[in-house]
Structures are given as C-alpha cells and as structure tokens.
Amino acid sequence: MSDIDFASLGLADGILAALREEGYSVPTPVQARSIPPLLAGKDLLGIARTGTGKTAAFALPIIQHIVNHPIEKRAQGSVRAIIVAPTRELAAQIDESFAAYGRGYKLLRACVFGGVGKAPQIQALWRGVDVLVATPGRLLDLLSDNKLRLDRVEFAVLDEADRMLDMGFIRDVRRIVALLPKDRQTALFSATIPPRIASIA
C-alpha cells in the first residue's frame with residue numbers, strides 16, 4: 001500500500017490540510033486499511049499496537065462524519081462521538097490528536113478522566129460536545145451524576161481494549177457499551193483479541 005496517499009482515501013480537503021501541517025505524507029497500514037471502511041459507515045475491528053497510527057485511523061473518519069452531518073441543536077450533556085481509552089495519558093493524547101486533525105473545523109471536544117476535579121469536565125460537557133474522550137471509570141461516574149448522556153452517540157471507539165481488560169475495566173466497558181444506542185458506528189482497536197475482547201466485539 002506504499003502508493004496510497006491520504007487524498008486517495010477519500011478525506012476532505014480541510015483534513016488533508018491539517019495532515020500536511022502535521023507532517024503526514026503517507027498513511028500507515030492501519031490507516032490505509034481502516035479509513036475507507038469507516039468513511040463508508042462500516043463497523044471495524046482493528047488489531048493494532050500503540051505507535052502504529054491508529055488514532056488517526058479512527059479520528060479522521062469521525063471528524064469527517066461530524067463535519068458532513070452538522071446538527072442544529074445539541075442536547076445538554078450529549079455526545080456525538082465517544083472514544084473510551086484505558087488511561088488518562090492516552091485519553092489526553094487522543095484529544096490532542098482530534099484538536100490537531102480538526103483544526104480547520106469548529107469541533108466541540110471534551111476529555112474526561114479520574115484523578116482531577118469533575119467541575120471543569122462537567123462544564124465542558126454541559127452544552128453537549130461533538131467528541132468525548134474518556135476513561136471508563138470517570139465516564140461512568142459522570143453518567144451516574146446525570147451530567148452526561150449517551151443516547152445520541154453516533155460513533156463509538158474502544159481503544160486499546162486488551163489494556164482495559166488487563167487493567168480490570170472489562171465490566172465497566174460492558175456497562176458503557178450497553179448504554180450506547182444500537183444504531184451507531186463502532187470501532188474497536190486492540191493489540192490482541194483475547195476471548196473476552198472478542199465477546200465484546
């Protein structure tokens with residue numbers, strides 16, 4: 001796939017401009033294989049380790065979907081795309097990537113994780129957001145406080161699912177998935193696919 005460039009994957013001009021500014025030229029294998037089906041609205045199960053470029057593989061189609069399907073009014077605490085990640089460090093990195101790739105658009109974003117106060121996170125979610133990146137525990141915490149709603153999620157990503165299993169989050173992940181609308185697009189990325197991850201998939 002060395003002859004494939006980002007333009008040939010069907011990405012919008014604004015996203016291509018952001019990629020050029022980030023110094024991206026040729027998509028990685030996981031990007032080349034993931035972006036077209038995600039742009040086509042299909043669900044995806046990807047086996048990809050950290051450092052293979054998988055964040056762009058799901059972030060770019062999400063940004064394009066949101067831009068191509070604007071909504072007039074957001075419900076309080078609502079989310080259009082949710083990315084669940086195992087650690088606060090990874091969640092912050094994913095959020096920064098969305099900021100970089102979506103710099104040409106007015107994306108409303110929020111990133112929530114434990115270990116810090118909830119008040120700023122609640123404030124960020126109050127008017128509704130396009131993209132929410134969250135760790136499982138804080139996500140469920142905000143849901144239990146009725147500060148967040150998942151009934152309008154259009155796109156859901158479980159990132160590094162095997163790490164969430166190793167860290168004991170698998171029950172939380174199942175609870176989160178059960179709260180998502182059935183009519184949604186889903187992507188799951190994991191370095192390995194053990195049986196418990198396969199059952200979620």
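Predicted model: local features only at pLDDT ≥ 70, side-chain atom pairs only at ≥ 80, totals over all residues.
Reader: Which backbone oxygen does the side chain of Gln31 reach at 2.9 Å?

Author: Gln31 is found in helix α2, which covers residues 29–39. Among the residues it contacts, leaving aside neighbours within four places in sequence, are Phe6, Leu9 and Gly53. At 2.9 Å, the side chain of Gln31 reaches the backbone oxygen of Gly53.

Reader: Which backbone nitrogen lies 2.9 Å from a polar atom of the side chain of Gln31?

Author: Polar contacts are pairs of N or O atoms within 3.5 Å. A polar atom of the Gln31 side chain lies 2.9 Å from a backbone nitrogen, and that nitrogen belongs to Thr28.

Reader: Does Gln31 count as buried or exposed?

Author: Buried means under 20% relative accessible area. Gln31 has 3% relative accessibility, so it counts as buried.

Reader: Where is Ser78, and is it buried or exposed?

Author: Look in the loop between α3 and β2 (79–84) to find Ser78. Leaving aside neighbours within four places in sequence, this serine is in contact with Gly128, Val129, Arg149 and Arg152. Its relative accessible area is 5%, so Ser78 is buried.

Reader: At roughly what angle do the axes of helix α3 and helix α4 cross?

Author: Good one to look for in the structure! Helix α3 spans residues 54–68 and helix α4 spans residues 88–101. Their axes come within 10 Å and cross at roughly 50°. That makes α3 oblique to α4.

Reader: Which residues of α4 make the contact with α3?

Author: α3 passes α4 in a right-handed crossing. On the α3 side, the contact includes Thr55, Phe58 and Ile62. By class, the contact has nine nonpolar, two polar and no charged residues. The α4 side consists of Ile94, Ser97, Phe98 and Tyr101.

Reader: Which residues of helix α6 are buried?

Author: Helix α6 covers residues 136–144. Its buried residues pack against several elements, including β2, α5 (119–125) and α8 (170–179). They are Pro136, Arg138, Leu139, Leu140, Leu142 and Leu143.

Reader: Which handedness does the crossing of α6 and α8 have, left-handed or right-handed?

Author: The axes of α6 and α8 come within 10 Å and cross at roughly 50°. These helices are therefore oblique to each other. Their crossing is left-handed.

Reader: How many charged residues does the contact of α6 with α8 have?

Author: In α6, the residues are Pro136, Gly137, Leu139, Leu140 and Leu143, and they meet Asp172, Arg175, Ile176 and Leu179 in α8. Asp and Arg belong to the charged class. Divided by class, the contact has six nonpolar residues, one polar and, for the charged class, two.

Reader: Where is Asn146, and what is its phi?

Author: Asn146 is in the loop between α6 and β5 (155–158). Its relative accessibility is 69%, so it counts as exposed. Although Asn146 is not a glycine, its phi is positive, at about 60°.

Reader: Is Glu160 buried or exposed?

Author: Glu160 is in the loop between β5 and α7. Its phi is near 50°, a positive value in a residue other than glycine. At 5% relative accessibility, Glu160 counts as buried.

Methods: Residues numbered from 1 in each chain as written. Heavy atoms only, no water. Axes fitted to C-alpha atoms, helices over the stretch in contact; angles between N-to-C directions. Helix = DSSP H or I, 4+ residues; strand = E, 2+ residues; numbered from the N terminus. Parallel < 35°, antiparallel > 145°, perpendicular 65-115°, else oblique. Left-handed = near helix turned anticlockwise from the far one by under 90°. Contact = heavy atoms within 4.5 Å. Buried < 20%, exposed > 50% of the residue type's maximum accessible area, 1.4 Å probe, protein only. Polar contact = N/O pair within 3.5 Å; in protein donor to acceptor, adjacent residues only side chain to side chain.
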